[in-house]
Amino acid sequence: MLALTGIPMFFLESSFGQFASLGPVAVWKAVPMLQGLGISMVFSSIFGTISYNCIIGYSLFYLFASFQSPLPWADCFSWWGADETCSRIPKEPLCNFTLDGKYFEIVNTTWLHSNNETCSNGSEIHVPYQSPSEQYWDKVVLQRSSSMDEMGEVVCHLVLYLLLAWVIVGAALSKGIKSSGKVVYFTATFPYVVLTVLLIRGLTLEGADKGIEFYIGSQSDFSKLADAEVWKDAATQIFFSTAVAVGGLTALSSYNKFHNDCYTDTIIVCVVNCATSVFAGFSIFSVLGHMAHVQDKPVSEVAQSGFGLAFIAYPEALVQLPWAPLWSILFFTMLITLGLDTQFANIETVVTSLLDQIPKFPRSKHLLLTISICLLFYLLGFLCVTQTGIYWINLIDHFCDGWGLIVAALLELLSLSWIYGINRFIKDIEMMIGEKNWLFWLWWRMCWLLITPSVLAAMLIWSLATFAPPTYGSIEYPVWATALGWCLIIFSNMWIPIVAIVRITQAEGSTLCQKISAACRSAPDWGPYLEQHRGERY
């Protein structure tokens, strides 16, 4: 998926932004009818930014909680509200049964009766246990309600940590790309240091080989490559990690020098990015292997995905290490720096798009604009710091980071390859990186014209055909929440047909075909931003 979608899309978007030195909205002077596509990308980026900063807030909470020993989620401490269902090590059930479609286990030291259902020895029903890290996540960090229908209250400590997250982002972006570029020297390199330290420590632990074996070894199930869902998940991972189709690449590449080698950048960034993901897997699963060894469980039973891995499984594994607070501090500092990198790109996408639409906006007021945007997004994020906040974040992630991005990427490819013209686009790139032979461009032509659009179309169709309503663990979302998720996608993408209709209506021509043709024609001022780079073609 990296070769078929990630790298081709990365090269296309970074070249597009660098050529015109414009953000994701203004750059569509190339094909004015599709300027709504840039607006759609910006809104997708906004939705992701609002929810993603809440995750940085969670990480900040855990970071500050790590400055104590023992770690608060190391055991079922009453001071943070652990109840009878909390247990460090699950009790062995004497028997089990199903009642009203629910699974129950029977143990000999429990506290709850239910419908007089007992084993032959008179034992009582035990509510399924929760580990300390799981209860700490639900009861302390999230103060999570039982369903999305129960809004509950605003969680005060999350409001403060969300504010701190936005203050950090705003401070780093105070001087635009200049200040964030300096901060990124730390935030982009520090995770490698932490991952390396965690890997070295993890490999010295007993049971680490079990985790590695589970991650990439004889336990790997290659038959799953025949499962379309695996390919969809791989594509989603590539889209998210390379940040294609959300406008960030176009916005950041617009600050490149015109003759920057965006091709080499593409190969290095994409390959290193994926290699980092694989490398991180070794760091994570070596520690999870040790956790499985200590608890005498298969690795598959301790490994989780998504929020469960970052805030339940891995923190629980860290408490079993000597000097647990130190490893916890390093881990959550790493998560914060990774999250900040993403936020820098997302906010810069919004700021760049606004500045492109207001060319005469005084640069001296850039800080005021950045603060205003951060404050607005902070207020909009209040819904995500209520007791149902995690449900909202999961809903946005389920809908906005899926179909919307695939639709945007597909339209971007088709518009540049077939409407703007693949040969014209290649000549634009050669103005920046120099002429290349036909063999060099053969692969990129195949990807941009046929392979990548076909893969994206297949992914879109498969995703729609296999759609399942969102869930958070075993908790199902109400119908109104699923409908709201679809409304988010519609809101993000409705600008594409709206702007197209407006452009066609305003275009010159006596017939509809003439108007469409005129609306697709590049604007008179389209081309390299600086006069010295425009040459004879522009």
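User: Which helices are included in what covers the buried residues of α20?
Analyst: The cover includes α16 (403-433) and α19. Contact here means heavy atoms within 4.5 Å. Helices (H or I, at least four residues) and strands (E, at least two) are DSSP runs, numbered from the N terminus.

User: And which residues of α20 are buried?
Analyst: Helix α20 covers residues 512-520, and in it Ala-518, Ala-519 and Cys-520 are buried. Buried means under 20% relative accessible area, exposed means over 50%, and partly exposed is in between (1.4 Å probe, protein chains only).

User: Where do these numbers come from?
Analyst: This is a predicted model, in which local features need pLDDT of at least 70 and side-chain atom pairs count only at pLDDT 80 or more, while totals for chains, interfaces and linings use all residues. Residues are numbered from 1 along each chain as its sequence is written, and side-chain values use heavy atoms, with hydrogens and water left out.

User: Back to α19. At what angle do α2 and α19 cross?
Analyst: At roughly 155 degrees, and the axes of α2 (residues 35-65) and α19 (residues 495-506) come within 7 Å. The axes are lines fitted to C-alpha atoms, for helices over the stretch in contact, and angles run from 0 to 180 degrees between N-to-C directions. Therefore α2 and α19 are roughly antiparallel to each other. The cut-offs: under 35 degrees is roughly parallel, over 145 roughly antiparallel, 65 to 115 roughly perpendicular, and the rest oblique.

User: Which residues make that contact?
Analyst: From α2, they are Gln-35, Gly-36, Leu-37, Ile-39, Ser-40 and Phe-43; from α19, they are Trp-495, Ile-496, Val-499 and Arg-503. By class, the contact of α2 with α19 has six nonpolar, three polar and one charged residues. Ala, Val, Leu, Ile, Met, Phe, Trp, Tyr, Cys and Pro count as nonpolar, Asp, Glu, Lys and Arg as charged, and the others, Gly among them, as polar.

User: Is the crossing of α2 and α15 left-handed or right-handed?
Analyst: The crossing of α2 and α15 is left-handed, whereas α2 passes α19 in a right-handed crossing. A crossing is left-handed if the near helix is turned anticlockwise from the far one by less than a right angle, and right-handed if clockwise. Helix α15 (residues 389-400) packs on α2 at about 135 degrees, with the axes 10 Å apart, and α2 and α15 are therefore oblique to each other.

User: Which residues of α2 and α15 meet?
Analyst: Phe-47, Ser-51, Cys-54, Ile-55 and Tyr-58 in α2 meet Gly-389, Ile-390, Ile-393, Ile-396 and Cys-400 in α15. The contact of α2 with α15 divides into eight nonpolar, two polar and no charged residues.

User: Different topic. How many disulfides does a search of the whole structure find?
Analyst: One. A disulfide is a covalent bond between the sulfur atoms of two cysteines; here, the sulfur atoms must be within 2.5 Å. The disulfide joins Cys-76 to Cys-86, with the sulfurs 2.1 Å apart. The link of Cys-76 and Cys-86 is left-handed, with -85 degrees about the S-S bond. Cys-76 and Cys-86 are ten residues apart, in the loop between α2 and β1 (95-99).

User: Is Cys-86 buried or exposed?
Analyst: Cys-86 is buried, at 9% relative accessibility. Cys-76 is partly exposed, at 25%.

User: How far is Gly-23 from Glu-348?
Analyst: Their C-alpha atoms are separated by 9.4 Å, and the two residues are 325 residues apart along the chain. Glu-348 is in helix α13 (residues 324-357) and is buried, at 2% relative accessibility. Leaving aside neighbours within four places in sequence, Glu-348 is in contact with Leu-173, Gly-176, Ile-177, Ala-251, Leu-252 and Tyr-255.

User: Last one: what does Ser-283 touch?
Analyst: Not counting residues up to four places away in sequence, Ser-283 touches Leu-195, Leu-198, Leu-199 and Tyr-314. Ser-283 lies in helix α10 (residues 262-295) and is buried, with a relative accessible area of 0%.
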